[in-house]
Amino acid sequence: MAVVDDDAEARARLRGYLARFAEGRDGMALSVDEFPSAVALLHHYQPTYDIIFLDIEMDEVDGIKAAQVIRETDPATILVFVTNMAQLAIKGYEVEALDFVVKPVDYYSFDMVMRKALLRMDRRRQSTVRLVTRGAVQVLPISHIDYVEVQNHYITYHTTDGDFTVKGTLAQAEDALAQGNFMRCNRWYLVNIDNITGLDGNLVTVGGRSIEVSRSKKQEILRAVTASMGGAL
């Protein structure tokens, strides 16, 4: 989490609310970074925050401009604007902000926004995978991923939107894609069963590529493809 506001008292209030919110959920782990300005936040910005509370009215760079910069590399973080004037928050739709709260922020409003934010995070995790590639975030719909390939400790997600490579293992990819219908077809490839378009001998076709299926996986893959196609094979 990040709290960005040039008013120290406002930052302290939100920090206290976050602690109270976490305590009410059996002490859920929340890490909070504070920034006294948008400039401080944007300096070497890394797409690591689940939620950013962003004051709109700040000197040098205001909250709206900061959000526009954030969205250039980070489409995933949840933005919540904090403002003295609600009419300014309408611009939040341009940067896909979740919501806004009006100063001085009361706990009821804060609690409602946090519940909404956690719900969005849960829904996103169930249907997408989030990859950090060279300082940018890619949020990929699981259904768009055709197959995953591992080479030299790097995994490449081959998708209908292009290829994305990150450091990791095939086991980590399996965990990240647990909500989808993925299976290993050999030591180097994880395929989306729902996206397979052909099965011929020891080869499956997915995303326009033919991938070899190991002998030990052949029957398991065949059963999974048949089930995915409603028993059509």
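I looked up Pro104 and placed this residue in the loop between strand S5 (99-102) and helix H4 (107-127). I took helices (H or I, at least four residues) and strands (E, at least two) as DSSP runs, numbered from the N terminus. I noted a cis peptide bond between Lys103 and Pro104, with omega about -10°.

The model is predicted: local features need pLDDT of at least 70, side-chain atom pairs count only at pLDDT 80 or more, and totals for chains, interfaces and linings use all residues. Residues are numbered from 1 along each chain as its sequence is written, and side-chain values use heavy atoms, with hydrogens and water left out.

I turned next to backbone angles. Glu96 is found in the loop between strand S4 (78-83) and S5. Its phi is near 55°, a positive value in a residue other than glycine. I recorded Glu96 as exposed because its relative accessible area is 56%, where buried means under 20%, exposed over 50% and partly exposed in between (1.4 Å probe, protein chains only).

I then examined Glu60, which lies in the loop between strand S3 (51-55) and helix H3 (63-73). Phi of Glu60 is near 65°, a positive value in a residue other than glycine. With 71% relative accessibility, Glu60 counts as exposed.
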